[in-house]
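Here are my notes on the model, as numbered points. Please read them with the structure open.

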Amino acid sequence: MPLAISPALPALHTLREEENIITGGQSPATPLRVGIVNLMPLKEMTECDLLRHLSSTPLPVEIDLIDMATHRSLNTSASHIARFYTHFNPNRHYDGLIITGAPVEKIPFEQVDYWPELCAIMDQAKASVRSTLYICWGAFAGLYHHHGIDKHIISRKISGVFPHTLHQPLHPMLRGFDDIFYVPHSRYTTLSPDEVAAHPDLTLLTSSPQAGIHMLTSRGGREFFITGHSEYAPRTLDFEFHRDLAKGIEPDIPANYYRNDNPEEDIIVRWRSTASLLFSNWLHYFVNPGSPYAPQI
């Protein structure tokens, strides 16, 4: 599909090499406008992961890359951010918004330096964005801010590709999902099932026996909270595993990821089709104003 974004963005070169159909500049039809609040440290990697899936449907999408005005990234060049990113503009309309994970999960939310700014973005999303996708730390942040549900820090990182089951198999967001599907996870936090179950505004869509709660929704699809990383490229968990090894963290080998759970062997990709469905369903049914499931603003 046409993807309206700066044609100079480095991620587009990778996607073209993968034979994704990408065009920069103006789309031939009125596009859906999607903002990506990219809180990840390696922003170019995250751009590629997300754009790969946002470009996989026939719907034209215009992308804004958004960073925090109150935070300076130490892992992405200032020139890249200055060239391709903008600060959040509350007067700019978005059909959809994605708020990514961030490497601050062990820090109390109020101690994150850009927390007030992020809260303002989440409040604006609640007021005016048709559907917002909160991913990993973004999901924990959204649940805490909107619904008062706090994260729980765990001693060992949940890392691997885990089987999940459906709790609402007829929900449009899960259309096409298998009864058992796989999703990568990489986090030190989890949610209390009892606290979530006690909240009347949240609907549990999917979960994993090993990784816990995976996907929640609220307000008729205005919000989706996803604790995993369906968007991850095949080698992202491998990169994180070896990064943690180099730091002396002694991480567990990511589960169900390497053949025979051996980092010296091949990676087995089990989540590619689920990731494609997830982003396609979100765009088609909840971001697209022409959908019969599109939330009312």
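1. Helix α5 (residues 137-147) is mostly covered, with nine of its eleven residues buried. Buried here means under 20% relative accessible area, exposed over 50%, and partly exposed in between (1.4 Å probe, protein chains only). The buried residues of α5 are Trp137, Gly138, Ala139, Phe140, Ala141, Gly142, Leu143, His146 and His147. Just after α5, Gly148 takes a positive phi of about 70 degrees. Helices (H or I, at least four residues) and strands (E, at least two) are DSSP runs, numbered from the N terminus.

2. A word on provenance. This is a predicted model: local features need pLDDT of at least 70, side-chain atom pairs count only at pLDDT 80 or more, and totals for chains, interfaces and linings use all residues. Residues are numbered from 1 along each chain as its sequence is written, and side-chain values use heavy atoms, with hydrogens and water left out.

3. Overall fold. The chain has eight helices and eleven strands. Its radius of gyration is 18 Å, close to the 19 Å that the globule rule gives for 297 residues, so the chain is as compact as a globular protein of that length. The radius is taken over C-alpha atoms, and the rule is 2.2 Å times the number of residues to the power 0.38. Along the principal axes, the C-alpha trace spans about 45 × 45 × 40 Å.

4. Burial and contacts. Of the 297 residues, 56% count as buried. Contact means heavy atoms within 4.5 Å. Among contacts between residues at least 6 apart in sequence, 72% join residues at least 24 apart.

5. Charge. There are 23 positive and 32 negative side chains, and the centres of the two sets lie 3 Å apart. Lys and Arg count as positive, Asp and Glu as negative; His and the chain ends are not counted. Each charge is placed at NZ of Lys, CZ of Arg, CG of Asp or CD of Glu.

6. Nonpolar cores. A core is a set of buried Ala, Val, Leu, Ile, Met, Phe, Trp, Tyr and Cys residues joined through side-chain atoms within 4.5 Å. The largest has 41 residues; Leu51, Leu54, Ile63, Ile98, Trp282 and Leu283 touch the most other members. Helix α8 (residues 272-287) supplies the largest share of this core, seven residues. A second, separate core of 33 residues includes Leu97, Val104, Trp115 and Ala139.

7. Which residues does Leu283 contact, leaving aside its neighbours within four places in sequence? They are Leu32, Val34, Leu54, Thr57, Leu59, Val61 and Asn288.

8. Val196 lies in helix α6 (residues 193-197). Val196 is buried, with a relative accessible area of 5%. Neighbours within four places aside, Val196 is in contact with Ile149, Leu191, Ile213 and Leu216. The C-alpha atoms of Val196 and Leu216 are separated by 9.0 Å, and the two residues are 20 apart along the chain.

9. Check the backbone at Asn260 and Asp261. Most residues other than glycine have a negative phi. Asn260 has a positive phi of about 60 degrees although it is not a glycine. Asp261, also not a glycine, has a positive phi of about 55 degrees. Asn260 lies in the loop between α7 (236-246) and α8, and Asp261 is placed in the loop between α7 and α8. Asn260 is exposed, with a relative accessible area of 63%. Asp261 is partly exposed, at 41%.
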